[in-house]
Amino acid sequence: MSSREEHLVELVDDAGQPRGETTVAAAHQPPGHLHRAFSVLLVDPDGQVLLQRRAAVKTRFPLRWANSCCGHPRPGEALAEAANRRLREELGTGPVELTEVGVYVYYAEDPATGRVEFEYDHVLRGEFRPAAPLQPDPDEVAELRWADPAALEAELDRDPRSYAPWLGGVVNRLLRPSASTPGAPDPAVTPPGSSADDAAERSGGR
């Protein structure tokens, strides 16, 4: 088990209230345990978003395109602190100004690794300065690219298997922040035990 898999995450209820803690590894074993997470989308001045292709060694959804950075705050850790820590670790950048644009609760099973994602996901928008350095860690990131978020939504519908299953919901929160209600699960969340071919895997719960 890698050291990151041994880190603690915060278990939460459906309203996002803490109810304990467990390790990253245990939280992602079937049937999964709902826990707090965050997804960062870095946005440049032209409105383009930075995507990363997850490294082949990732234990969940390797080699899928995802948002700029993902992670889990440690129990009691502030979201902005945790997100900027992961931006530094994964992309070699930051700190950046972060704004929470919504919460996205989702469940997805990884058919390749047998792990699950069951997360109360805080979606964070980060303002990216064009001159800021990017030095991705190859153990975390296989590739980077910039994308128009509206065009990305259409691409997610055409080719969902190239993308992490949570990306659709994350982009939806970025484009439609007023539609997000913190603490309210997304209506397309796939319940534990459902196939990865169901809605959460097909389109990220959009």
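Helices, of at least four residues, and strands, of at least two, are taken as DSSP runs and numbered from the N terminus. On this basis the predicted model contains five helices and nine strands. Along the sequence these elements follow the pattern β-β-α-β-β-β-β-α-β-β-β-α-α-α. The protein has 206 residues, and 51% of them are buried. Its exposed surface comes to about 8,800 Å². Carbon and sulfur atoms supply 51% of that area. Among contacts between residues at least 6 apart in sequence, 67% join residues at least 24 apart.

Two hairpins were examined. Strands β1 (residues 8–12) and β2 (residues 18–23) run antiparallel and are joined by five bridges. Val-9 has Thr-22 of β2 as its bridge partner. Five residues lie between the two strands of this hairpin. In its turn, Gly-16 has a positive phi of about 85°.

Val-103 stands opposite His-122 in β8. Nine of the twelve residues of β7 are buried, so the strand is largely enclosed by the rest of the structure.

Helix α2 spans residues 79–91 and has 13 residues. From its first C-alpha to its last it reaches 17 Å, close to the 18 Å expected at 1.5 Å a residue. Its buried residues include the nonpolar Leu-79, Ala-82, Ala-83, Leu-87 and Leu-91. Asn-84, Arg-85, Arg-86 and Glu-90 are buried as well. Just after the helix, Gly-92 takes a positive phi of about 65°.

The loop between β6 and α2 holds Glu-77. Is Glu-77 buried or exposed? Its relative accessible area is 15%. Buried means under 20%, so Glu-77 counts as buried. The side chains of Glu-77 and Arg-85 are joined by a polar contact of 2.8 Å. Arg-85 is itself one of the buried residues of α2. With neighbours within four places in sequence left aside, Glu-77 is in contact with Ala-82 and Arg-85.

The largest nonpolar core has 23 residues. Within this core, Leu-41, Val-49, Leu-51, Leu-152, Trp-166 and Leu-167 touch the most other members. At least two core residues come from each of β3, β4, β5 (65–66), β7, α3 (149–158) and α4 (167–175). Leu-41 illustrates the packing. Beyond residues up to four places away in sequence, Leu-41 touches Val-49, Leu-50 and Leu-51, among others. Further contacts of Leu-41 include Asn-67, Ser-68, Leu-124, Arg-125 and Gly-126. Val-170, Val-171 and Leu-174 are also among the residues that Leu-41 touches. A second, separate core has 16 residues. Its members include Leu-87, Leu-91, Leu-98 and Ala-132. Leu-87 and Leu-91 are also among the buried residues of α2.

Terms used: Residues are numbered from 1 along each chain as its sequence is written. This is a predicted model: local features need pLDDT of at least 70, side-chain atom pairs count only at pLDDT 80 or more; totals for chains, interfaces and linings use all residues. Side-chain values use heavy atoms; hydrogens and water are left out. Two strands pair if DSSP finds at least two bridges between them. The expected span of a helix is 1.5 Å times one less than its number of residues. Buried means under 20% relative accessible area, exposed over 50%, partly exposed in between (1.4 Å probe, protein chains only). A nonpolar core is a set of buried Ala, Val, Leu, Ile, Met, Phe, Trp, Tyr and Cys residues joined through side-chain atoms within 4.5 Å. Contact means heavy atoms within 4.5 Å. Accessible areas come from the Shrake-Rupley method with a 1.4 Å probe; for residues, only the protein chains shown count as cover. A polar contact is a pair of N or O atoms within 3.5 Å; within protein, one must be able to donate a hydrogen and the other to accept it, and residues adjacent in sequence count only if both atoms are side-chain atoms.
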